[in-house]
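Here is a short report on a two-chain model. The structure comes first, and the notes follow.

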Amino acid sequence: MEEALVRAVLFGTPILLAALGALLAERSGVVNLGVEGIMALSALAAFAVALDVGPFLGVVAGVGAGVALALFLGLFAITLRANPFVAGLAVAALGLGASGMLGKRYEGVPLQKVLPEAPLALLALLLALVLHLLLYRSRFGLYLRSVGENPKAADLFGVNVEGVRYLALGLGGGLIGLGGAYLSLAYRPSWTDGMTAGLGWVAIALVILAAWEPLRAVCGAYLFGLLFFLQFRLQGSVPIPSEAFAAMPYLLVILVLALSGRSRAPKALGQPFERGR
Amino acid sequence: MRLELDPAPSPTKVALSYGAFLLLALFLLGFLFLAYGVSPLRAYGLLLSPLLDPLGLAEVARRAIPLLLIGAGLSLAFRVGFFNIGAEGQLLMGAVGAAYVALFLPPGPYTLLLMFLLGGALGALWAGFAAWLRVRFGASEILTTLMQNYLAYYLVVYLVAGPWKGQFVFGFLYTDRFPEVARLPRLGDTLVHWPTLLLGVGAALLLHLLLFRTPWGFSLRVLGENPQAARYLGLKEGRLTLLVALASGFLAGFAGVGEVAGIHGRLLEPAQISLGYGFTAILVAWLARGRPGLTLLTAPLLGLILAGGDALKLAFSMPFRVVDVVAGLLLLALIGAEAASRHRLIWRR
């Protein structure tokens, strides 16, 4: 029982970090469908740097790669006002593809210095709290939410809409990158192509399930973590094919989407901001 | 410095913008090739190498077949704002349907017809489910269709590793070979299963006529361009969305039937049935800009990239994922160029 809870938290941590990153961007009105690719690329960046330099700089590299790829998405979704959904999917493909290509030489290489999982899990929990305080107790949070709800009004009050959105998307990318680094430096700790295994998509669904609230995302992430643990544990001990267990998280995401499809999203979510229109 | 809307960009500006973004994509791709440790110029050469010989062209054509079928359906779906990202899963479901008919129903003159019908129906079911979830519960089809890809993937893995595993195969994950009546004829020694190709060409033309020459097509176009006007006209948004989703799923199912009946002759691991056709077809449809007829041009173009990716894989033992990189960069370049040409840069605030 105790083991189950610990494993649930440890496995829920990358989902939580990625979901917090997606949530931060979405509260400012920017949809980030690139999570899966951002996570994969930052997992690779973290692993490569950790192997050559050290685990702490590895984490920094993971976060940095996450920020960079998220800002790259921002170039299309915010500045150019291209279709943010398509741009996000393209970034997901780009991140997955580039990490698979560049990571080939790291496949199967063992990591000497492994990061402990528990402190990072605690950090993730702390970050959720910080994000909650940032959103609801700070001036920046007020700006961020107003940009996500009514960018035109925020603009009239002198808020730099695009700047706030870039900041939210970039910081969110850093959180997603931290999730990727956690995967390749602490949880696994190794690099394999496709190691994110759909966690990024689960995170995006979790944002909807959590109704765009960081603290609810914590509960949701640990719930998913528990389910993944049960899948792992029940495999082989019950007469159900392992593929059914493997498919369970995705089925769950569909269920979540159906149940919370019309829940309240930020009003300007996915709408590019165009001054004077 | 800021960007402002430019409602009527000049053709020169549009061309310049597309040229600049494609160059940027090529540059980034070259950078990745360098990082992988191969000369970018050689890699680009290999990417285009299938154009140089008949066998290479046949490879392009073979890959264009599923892209054409899926792309034609998707261009219709995107037109009405149904972002079907799940063609990959719908293709796999089509393959499952085809394999069921081929392996478990008594072979006869109608075997191939039944394979296409059941395969198409399963593909349509897969897409229709996502459309129903959106119409009924408001669930984003981008995410549900994507999740269904994974479900179809694991279903196929389960089937080929479990109940449908071949009796005469040892250690491999695939079914027995389909009987001869369940195989599609090919052109000479190539892998071009021409009946499916004809189906694809027919589907693209038919959908094009449907969209631009019939009242039903008109209502689809209204729904896509101005949903509010569609509501005033009393169009049934939900029903139209569902029908378009069914059509695109049906065609993706056809593509799956073609792959197993025309190329592999058995159901096998999902990653071998579809070489990323579902995702690549998104590009086919996006490039065709909502005109199903145009997929006749864009499908071979993306087929070339897939065939070129194969050449890269063979020459540099590069992971096939390189195709994702090319597709992702190309997609970004296209939407970026489109968006950039709609704006102009203002240097003062």
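## A loop residue in chain B

B:Arg183 is partly exposed because 19 other C-beta atoms lie within 10 Å. The classes rest on C-beta atoms placed from the backbone: 20 or more others within 10 Å means buried, 12 or fewer means exposed, and in between means partly exposed. B:Arg183 sits in the loop between α6 (141–161) and α7 (194–213) of chain B. Helices here are DSSP runs (H or I, at least four residues), numbered from the N terminus.

B:Arg183 touches B:Phe178, B:Ala261 and B:Gly265, leaving out residues up to four places away in sequence. Contact means C-beta atoms, placed from the backbone, within 7 Å.

## Basis of the model

This is a predicted model: local features need pLDDT of at least 70, side-chain atom pairs count only at pLDDT 80 or more, and totals for chains, interfaces and linings use all residues. Residues are numbered from 1 along each chain as its sequence is written, while chains are lettered from A and ligands numbered from 1 in the order in which they are written.

## Domains of chain B

Domain 1 of chain B gives ten residues to the contact, and domain 2 of chain B gives twelve. On the domain 1 side, nine are nonpolar, none polar and one charged. Nonpolar covers Ala, Val, Leu, Ile, Met, Phe, Trp, Tyr, Cys and Pro; charged covers Asp, Glu, Lys and Arg; the others, Gly among them, are polar.

## The nonpolar core

The largest nonpolar core has 234 residues. Such a core is a set of buried Ala, Val, Leu, Ile, Met, Phe, Trp, Tyr and Cys residues joined through C-beta atoms within 7 Å. A:Ala19 and A:Leu206 have the most contacts inside this core. α8(A) gives the most to this core, with 16 residues. Domains 1 and 2 of chain B both give residues to this core, so the core lies between them.

Leaving aside neighbours within four places in sequence, A:Ala19 is in contact with residues including A:Ala203, A:Leu206 and A:Val207.

## Helix α6 of chain A

Which residues of helix α6 (residues 139–149) of chain A are buried? They are A:Tyr143, A:Leu144, A:Ser146, A:Val147 and A:Gly148. Their cover includes α1 (2–27), α5 (117–137), α7 (151–156) and α8 (161–187) of chain A.

How values were computed. Helix = DSSP H or I, 4+ residues; strand = E, 2+ residues; numbered from the N terminus. Contact = placed C-beta atoms within 7 Å. Domains from an automatic or database assignment.
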